[in-house]
Every structure is written in C-alpha cells, then in structure tokens.
Amino acid sequence: MAHKFPAPLTQLSEEECLFYSTVRQFAEETIATQVNAMDEQQQYAAGLVDRLFELGLMGIEVPEDLGGAGGSFFDAVLAIEAISTVDPAVAVLVDVHNTLVVNALRRWGTDEQKKLWLPKLASGTVGAYALSEAGSGSDAFALQTQAEACSVNGAAGFRLSGRKLWISNAREAGLFIVFATVDRGAGYKGITAFLVEKGTPGLDVGRKEDKLGIRASSTCELILDGCEVGAECVLGEPGKGYKIAIETLNEGRIGIGAQMLGLAEGAWGHAARYAKQRKQFGKPIAEFQAVQFALAEMATEIEAARLMVYNAARLKDAGRPYVKEAAMAKLFASGVAERVASQCVEIFGGNGFVRDYPAEKYYRDAKVGKIYEGTSNMQLMTIAKQVL
Ligand SMILES: Cc1cc2nc3c(=O)[nH]c(=O)nc-3n(C[C@H](O)[C@H](O)[C@H](O)COP(=O)(O)OP(=O)(O)OC[C@H]3O[C@@H](n4cnc5c(N)ncnc54)[C@H](O)[C@@H]3O)c2cc1C
C-alpha cells in the first residue's frame with residue numbers, strides 16, 4: 001500500500017511503516033478536526049476513546065490470546081508518535097494506558113490478574129497510574145498514601161487512604177494502579193502497588209486541573225478514603241511497589257520521548273506548509289534563507305530525537321539495557337519539542353500567537369514534556385548515574 005503520509009524511514013520494517021501510516025492517517029482524518037474543540041472544552045470528543053480501542057491502539061502489547069494486538073513496545077511508541085503529530089493530548093491517554101498500566105500488569109501481574117484485566121484493558125477499560133501526591137513528585141517515594149492491613153469480606157485485604165495528584169486519564173479510567181505504603185517506617189521498602197477498580201467504595205476522582213497544555217487530557221486528584229481492596233489486588237509483592245514504579249517509568253519515558261517527537265514533527269509540518277504559502281516582500285517566506293535555515297535546523301533536531309527515541313525503544317524490545325538511552329531520549333526530545341514549537345510560532349508570525357492557527361497549541365503542549373514522568377533534572381540525574 002502506498003503511504004499517504006511521509007512516514008519516518010529510520011529503522012522501520014515495512015509492517016512498522018504501514019502501522020505508523022495507518023495510525024497517522026486516523027489522526028489526520030479523525031482527530032485533527034476535533035483538536036481545537038477538545039482543547040477548549042478540556043475533554044476528549046465523544047466516541048474518540050472508543051475508536052482508539054476499536055483500532056487496537058489501547059492494547060498494543062496485550063497478547064492476542066487475551067484480546068490485544070500482540071504488538072511490540074516499539075509499536076506503542078510509533079502509535080504515540082503518530083497521534084502526537086496531530087494531538088499530543090490524545091497521545092497521552094494512549095501512552096499512560098499502554099506504556100505504564102498495561103506494561104506493569106504484563107510484567108508483574110499474576111496469571112489471574114492478567115486474565116482478569118488485560119482483556120478489559122484491550123477492549124474498553126482505560127488505565128491510570130497514580131503515583132504522585134502533593135508532597136511527593138520528583139521525590140516520589142516520599143508518598144503518604146497509606147495501605148493498612150484489614151479484613152475485607154472475611155479475607156485479608158488493605159484499606160487505602162490518601163490523596164493522589166496529577167493523575168492522567170483519571171476521568172476516563174476504569175482501573176487505577178495506586179501506589180501506597182504498607183509501612184511508613186520502612187521508607188521506599190513499604191511502597192506497594194494496588195489494582196483498584198473504578199467504583200470501589202472510598203475511591204473518588206477529585207478536582208480536574210485547568211492546564212496550560214494537553215488540555216483535553218483529564219489530569220485529576222484521586223481521593224482514597226478508606227478504600228478497601230482484597231489482597232488479590234496487590235500488584236507484585238507488598239513492599240516491592242518501588243521497583244514497579246521505577247521500572248515502568250523507565251519504559252514510560254520513552255513514550256513521552258515519542259510524544260514530544262511527534263509533537264515536533266507535527267509543528268514542523270505546519271511551519272513548513274505555512275512558510276510556502278505566506279508571502280511577504282512579494283514571495284513566499286520559505287524563499288528567505290533565514291526561514292529555510294530555521295526549518296533545516298528544526299528538521300535536523302527532529303531527526304536526532306527520532307534516532308534516540310527509536311533506539312531506546314529497540315533496546316527495550318531486545319531486552320538490552322536501555323535506562324540511560326530512555327532518559328536521554330526524553331530529555332532531548334522534550335527540548336526539541338519546545339524549541340521546534342517555539343520556532344513554529346515565530347514562522348507563523350502574529351498568526352502563531354492566536355488560536356485560529358495550530359502553532360500556539362503545540363507550543364503550550366510541549367512544556368509538559370520536561371515535567372511529567374520525571375523532570376529534566378531527574379533525567380539528568382539518571383544519566384549522570386549511568387555515565388559517571
Ligand atoms: C499534566 C501532568 C500529568 C501528570 N500525570 C501523572 C500521572 O498520570 N501519574 C502520576 O503519578 N503523576 C503524574 N504527573 C506528576 C508528575 O510526574 C510530576 O509533576 C513530576 O514528577 C514533578 O513533580 P512535582 O510536580 O512535584 O515537581 P517537584 O518535584 O516539586 O519539582 C520542582 C522543580 O524542582 C526540581 N527538583 C526537584 N528535586 C530536585 C533534585 N533533587 N535535584 C534537582 N532538581 C530538583 C525539579 O526538576 C523541578 O524543576 C503529571 C503531571 C502533570 C503536570
């Protein structure tokens with residue numbers, strides 16, 4: 001099949017190229033017309049999340065026998081990149097669901113947990129990942145949410161109490177991975193991951209944040225007020241939640257790198273098209289060398305970011321060490337996204353500063369890349385540990 005859109009060729013097999021093109025085509029044809037309304041209304045368009053499930057984009061790595069697409073981590077990265085070229089706010093839903101929630105379950109879930117949750121996560125249940133709290137962001141393991149051992153319906157269980165903050169997908173989610181401590185005195189060795197279903201008494205979604213960018217994505221407080229779950233809801237082992245958090249976020253940040261890469265590609269495409277159309281001094285501004293050089297620099301940075309993101313994802317799929325490369329890819333790609341989106345605004349001139357044109361939204365959306373799933377300083381700390 002001929003590719004309608006110029007797919008990145010770097011290291012892509014024919015199937016991967018086709019997959020990327022298909023997702024990008026969906027984004028261009030279905031998501032693009034709704035981007036502004038979703039941004040203004042701060043919610044996803046009706047039916048959009050269902051379409052993501054129908055297309056298999058919410059169970060990319062879920063095995064086929066459990067109802068998923070049986071794809072690779074690299075496939076998930078391609079989907080996030082392709083959607084982000086059009087709307088990074090939609091991509092974050094796909095990213096958190098696939099790279100954090102599905103992956104944590106695939107890796108640490110018991111057979112029963114996998115059989116129960118993976119088919120649902122591939123077919124209609126959105127996942128959310130609840131680690132951060134008001135007092136614990138970069139210092140994630142200082143979390144205060146408590147898990148107290150108790151009896152639930154006559155069997156062993158836990159009572160969860162605390163408040164989570166900044167939880168992406170909270171409004172859409174049917175399953176939350178909640179991190180809480182079973183023993184505050186034990187420090188990070190008390191942290192435990194729990195699978196908590198929406199509707200469990202004592203679990204509530206609180207205030208939704210009014211954000212600078214990725215506004216369609218629901219980022220909310222999560223309130224746990226004596227929320228009781230059975231011992232079978234522990235993901236991994238009690239006290240081993242810190243390992244789950246570290247390792248899922250190591251993977252997840254490749255997804256954020258892909259989101260920022262796609263964002264930069266989308267912004268670049270708009271800037272290049274605009275530069276060819278917009279005339280000043282009697283000719284398209286793309287004929288001025290200063291504008292050409294800006295676009296050439298942006299394209300070069302995007303290419304470098306793509307190589308880094310793809311390389312980190314390939315290393316992960318190959319079972320080789322990738323932590324340094326993942327941190328570098330997120331650090332670099334989020335910087336590229338910010339610079340490219342900023343330059344895109346300038347190429348649009350005054351039109352870059354108003355909501356009638358796409359440039360300003362990419363600029364707003366780019367900022368979060370340096371903040372979530374570990375700030376840029378946290379990535380530098382990881383890289384420094386690895387290289388020194
Ligand atoms: C839109 C959005 C969505 C999010 N989604 C989720 C989600 O789904 N689940 C979830 O659990 N969390 C989520 N988060 C939370 C996110 O991961 C945190 O915001 C992030 O880890 C930073 O924590 P903080 O906001 O508390 O900043 P802080 O940790 O307070 O950092 C503030 C500043 O201090 C710097 N800093 C802190 N410590 C150090 C240090 N030791 N050395 C050098 N500099 C340091 C940081 O780099 C940063 O510049 C989301 C956040 C946002 C904005």
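Two residues are taken to be in contact if their C-beta atoms, placed from the backbone, lie within 7 Å. By that criterion, ten residues of domain 2 are in contact with eight residues of domain 3, and the side of domain 2 that touches domain 3 divides into seven nonpolar, three polar and no charged residues. For these classes, Ala, Val, Leu, Ile, Met, Phe, Trp, Tyr, Cys and Pro count as nonpolar, Asp, Glu, Lys and Arg as charged, and the others, Gly among them, as polar.

The structure is a predicted model, in which local features need pLDDT of at least 70 and side-chain atom pairs count only at pLDDT 80 or more, while totals for chains, interfaces and linings use all residues. Residues are numbered from 1 along each chain as its sequence is written.

**Domains and ligand shell**

The domain assignment of the protein chain gives domain 1 (14-125), domain 2 (129-237) and domain 3 (243-387), with bounds that come from an automatic or database domain assignment. The centres of domain 2 and domain 3, taken over C-alpha atoms, are separated by 31 Å. The shell around the ligand lies between these two domains, because both of them give residues to it.

Of the 19 residues around the ligand, those that come nearest are Gly 137, Ser 138, Trp 166, Thr 375 and Asn 377; a residue is near a molecule or strand if its C-beta atom, placed from the backbone, lies within 6 Å of it. Strand 1 (126-130) and strand 3 (155-168) each supply at least two residues of this shell, and the largest share, three residues, comes from strand 3. By class, the shell around the ligand has nine nonpolar, eight polar and two charged residues.

**Helix packing**

Helices (H or I, at least four residues) and strands (E, at least two) are DSSP runs, numbered from the N terminus. Axes are lines fitted to C-alpha atoms, for helices over the stretch in contact, and angles run from 0 to 180 degrees between N-to-C directions.

| Helix pair | Angle | Axis separation |
|---|---|---|
| Helix 1 (residues 14-31) and helix 4 (residues 73-84) | about 30° | 8 Å |
| Helix 5 (residues 88-108) and helix 7 | about 155° | 9 Å |
| Helix 7 (residues 241-277) and helix 10 (residues 359-366) | roughly 160° | within 10 Å |

Angles under 35 degrees count as roughly parallel, over 145 as roughly antiparallel, 65 to 115 as roughly perpendicular and the rest as oblique. Helix 1 and helix 4 are therefore roughly parallel to each other, and their crossing is right-handed. A crossing is left-handed if the near helix is turned anticlockwise from the far one by less than a right angle, and right-handed if clockwise. Among the residues that meet here are Phe 19, Tyr 20 and Arg 24 in helix 1 and Phe 74, Asp 75 and Leu 78 in helix 4; the contact has ten nonpolar, no polar and three charged residues.

Helix 5 passes helix 7 in a right-handed crossing. Their contact includes Asp 95, Asn 103 and Trp 108 in helix 5, together with Glu 251, Gly 255 and Gln 259 in helix 7, and the residues of this contact divide into nine nonpolar, seven polar and two charged.

Helix 7 also passes helix 10, in a left-handed crossing. This contact is made by Met 260, Leu 263, Gly 266, Ala 267 and His 270 of helix 7 and by Ala 359, Tyr 362, Asp 365 and Ala 366 of helix 10, and its residues divide into six nonpolar, two polar and one charged.
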